[in-house]
Amino acid sequence: MIMTTIPKSYTQEALDEALQAFQQRSQLTLTDEHYEIKERTNEKWLLIYLSNPTNRFFKLLNEASENLSEENPYKERTILKKRSTSTSDRIHLPETQLLRTILSESLTVTQYSFQEDFFTRYIRSVSGAEQQIIARGNHIVYGRRGAGKSSLLAYLMNTLRQQQSPYAWVTMQTYSGRSDIDVVTSVLLDIIDQIKKYKIALDELDTIYRKLESLSDIENEQNVENQLNRLFPKIRKALASIADKHESIFIFLDDLHVIEQALQPRLLSKLYAICRDNRTFLKISGIEQFVKLWEHSSRQGLETPHDIQVIQLDYNLTMPDKAHKHIVSILDAHAVYCGLPNVGYICGNGVLDRLVWVAAGVPRDALNIFAQAIAYSDGKDQKKVSITSINNAASKMADDKLKDIKQDASGKYDEVSNLLEKIRRFCVKEKRNNAFLIEIKNENPIFTQIQELIALRLLHILNEGFTPGEVGRRYMALMLDYGFYVGMRAAKSVDLFSKEPKQLQAQELRKLPRMPL
Amino acid sequence: MLENIRHILDVSAATAIENEIEKNTKEIFALGEEHYNFAKHTPKSHWRQRISRFYYGAYNVRRAIQLYHSGIYSTDSSDHKKIDQIPESLNNIDIYKVKLRSLREDRNLADYDHSASENDLLLTQDDYEQFVTNFINDVRTFLKDKGVSL
């Protein structure tokens with residue numbers, strides 16, 4: 001090239017400003033090896049390298065450029081360029097580090113998750129649950145912790161937000177462990193406060209709100225309940241005014257199971273009183289084993305299927321191919337969001353198969369384990385995520401699951417923990433096998449506790465019911481969570497039943513040890 | 001563009017203008033495709049010719065969409081400075097805004113800088129080929145969706 005006559009305006013400050021503007025918007029942390037200055041005859045260009053520079057990043061680049069000062073010579077001389085595919089160290093890429101952050105952020109889905117990017121990052125369920133949840137009817141979404149219950153509710157909520165349709169979202173975690181009637185009052189206050197923004201029946205809603213607030217001064221529960229019952233016609237009427245204008249209203253109750261079971265049917269009964277035949281629909285999420293929709297003795301609550309319909313949202317290890325497809329799709333969407341071609345780009349051989357298996361098909365567990373595995377591989381200076389990292393992250397997550405017992409099954413901590421310890425001894429020490437069979441006896445309290453351990457993701461279903469021998473005796477095949485014998489708790493002598501998601505044959509299952517109830 | 005004057009035109013006059021815009025849109029689009037196809041079939045060793053023709057392919061396809069969408073038609077050389085002016089509703093608009101600018105810069109380098117080598121390009125020949133292919137496809141989809149029979 002001929003001798004350059006580059007203007008003096010290409011200063012370090014100008015470069016820093018241009019880089020900073022893009023980094024702030026993209027959340028990528030760029031070091032020297034991730035960009036290049038290309039000198040031309042009378043100008044310089046800033047080339048930023050990304051593994052998969054999608055339109056999202058170009059949009060951020062354009063926004064960054066627009067906000068640069070007019071004097072900055074890189075204002076319209078910055079371009080995103082695809083990184084060489086031969087890059088071997090993929091753990092230390094800014095895109096991978098961003099993925100780790102994004103995965104950590106996405107572990108708890110709330111009404112605010114992903115905001116404007118929601119539909120870009122949301123992965124539809126394999127079973128088409130989205131079509132069910134958008135229907136004008138009452139629904140309860142069941143699934144283990146992290147199965148995607150809140151995400152499914154958020155899918156409908158974001159759809160409503162786009163359509164400017166009215167809704168109220170109640171996070172039941174606020175009332176965790178409570179059984180008092182004030183929870184009902186607080187939930188109603190929360191709902192009314194949210195629907196006031198639609199500016200319909202405002203005077204009525206203000207009056208109701210004040211009356212509800214005054215109930216907190218009443219100590220006698222029965223008095224509170226009586227006062228509440230008197231308010232219901234007024235609340236119904238106000239909701240009807242909003243539904244008249246917008247055709248419907250949706251009320252979301254996220255994680256119903258965290259309040260005491262005794263209160264659940266009472267709360268639902270009160271809400272149904274204001275929703276029924278009023279174009280107001282309930283969309284609820286919860287863990288089935290800890291939800292009580294209907295109290296037979298008092299005839300309170302909601303009965304399935306005529307009052308409320310169930311959406312089951314769980315791909316467990318009985319459908320390994322669906323679980324694998326769903327989890328990899330979610331990780332791919334996050335990876336592309338972060339500027340990677342797909343999640344496989346940063347994984348060693350067999351990593352994703354192992355991930356799905358150790359997460360037992362639970363999406364949030366997979367995201368959590370994967371985020372921690374990136375950190376582990378980073379610390380070990382590996383170039384891609386390894387199976388060892390996945391095992392270690394799974395082992396660490398077992399501790400978090402044990403903490404979940406306190407949150408989701410607070411009243412049963414001791415009995416559930418004792419049973420888990422018994423199963424762990426049976427699997428790891430006695431039989432040296434991570435999977436076992438248990439006879440299906442629905443009336444047996446131990447079998448009920450086993451169901452709770454399944455809901456807490458400490459045991460995983462391999463087969464929901466089959467007859468291995470004697471006619472009439474059905475067994476369930478279960479796997480103890482990976483976290484109890486890999487990684488930090490490595491138990492080499494344990495015979496791992498399976499190491500990757502695959503359809504299991506009855507022949508293999510029959511050989512598993514049977515644990516007595 | 002036509003919507004602004006439709007109320008002062010009778011139906012036949014409006015239809016005549018519509019037909020004329022569509023006819024010219026299709027011809028300019030075809031001109032863009034001709035440059036693009038020439039570039040595609042030119043050996044990679046002729047990097048200057050390829051970059052230059054890819055640019056004119058993209059430039060004319062952009063002229064076609066601008067004429068149809070906004071009624072803008074120009075033969076002035078200053079129009080090249082507006083290469084990144086394309087309808088906001090076009091798919092992947094942000095990629096195209098940036099890469100159309102860089103392709104213009106590289107076309108100037110390829111056509112006028114006698115001392116430049118292929119290594120001086122901002123993006124590779126393959127990058128540009130892929131980008132112009134995608135751009136033409138997205139513009140084709142855009143125009144077809146509006147009823148232009150391409």
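Student: What is the span of helix H13 of chain A, first C-alpha to last?
Tutor: Helix H13 (residues 363–379) of chain A has 17 residues and reaches 24 Å, close to the 24 Å expected at 1.5 Å a residue. The expected span is 1.5 Å times one less than the number of residues. Helices (H or I, at least four residues) and strands (E, at least two) are DSSP runs, numbered from the N terminus. This is a predicted model, in which local features need pLDDT of at least 70 and side-chain atom pairs count only at pLDDT 80 or more, while totals for chains, interfaces and linings use all residues. Residues are numbered from 1 along each chain as its sequence is written, chains are lettered from A and ligands numbered from 1 in the order in which they are written, and side-chain values use heavy atoms, with hydrogens and water left out.

Student: Which residues of H13(A) are buried?
Tutor: Among them are A:Leu367, A:Ile369, A:Phe370 and A:Ile374. Buried means under 20% relative accessible area, exposed over 50%, partly exposed in between (1.4 Å probe, protein chains only).

Student: And what follows H13(A)?
Tutor: A:Asp381, with a positive phi near 60°.

Student: Switching to H7(A): how many of its residues are buried?
Tutor: Of its 14 residues, 10 are buried, so H7(A) is largely enclosed by the rest of the structure. The buried ones include A:Val187, A:Leu188 and A:Ile191. Helix H7 covers residues 182–195 and reaches 20 Å from its first C-alpha to its last.

Student: What do those buried residues pack against?
Tutor: Strand E5 (167–171), helix H8 (202–214), H9, E6 and helix H10 (263–275), in chain A. Contact means heavy atoms within 4.5 Å.

Student: Where is A:Ser248?
Tutor: In the loop between helix H9 (221–246) and strand E6 (249–254) of chain A. A:Ser248 is buried, at 3% relative accessible area. Leaving aside residues up to four places away in sequence, A:Ser248 touches A:Arg136, A:Pro166, A:Ala243, A:Arg279 and A:Phe281.

Student: How many aromatic pairs are there over all chains?
Tutor: The count is 16. Rings of Phe, Tyr and Trp (its six-membered ring) pair if their centres lie within 6.5 Å; planes under 30 degrees apart count as stacked, over 60 as edge-to-face and the rest as tilted. A:Tyr167 and A:Phe252 form an edge-to-face pair, 6.2 Å centre to centre with 75° between the planes. That pair links strand E5 to strand E6 of chain A, across 85 residues. A:Tyr167 is buried at 7% relative accessible area, and A:Phe252 is buried at 0%.

Student: Which pair is there in chain B?
Tutor: One is B:Tyr36 with B:Phe54, tilted, at 6.1 Å centre to centre and 50° between the planes. B:Tyr36 is in helix H2 (residues 11–40) and B:Phe54 in helix H3 (residues 47–70), 18 residues apart. B:Tyr36 and B:Phe54 are buried.

Student: What about the interface, how much area is buried between chain B and chain A?
Tutor: About 1800 Å², with carbon and sulfur atoms giving 56%. Buried area is the accessible area (1.4 Å probe) that two parts lose on being put together, summed over both. B:Asp94, B:Val98 and B:Leu122 supply 32% of what chain B buries against chain A, more than any other three residues. The contact takes 22 residues from chain B and 20 residues from chain A.

Student: How many salt bridges between chain B and chain A?
Tutor: Two, where a salt bridge is a side-chain nitrogen of Lys or Arg within 4 Å of a carboxyl oxygen of Asp or Glu. One salt bridge joins A:Glu76 and B:Arg101, with the closest N and O atoms 4.0 Å apart.
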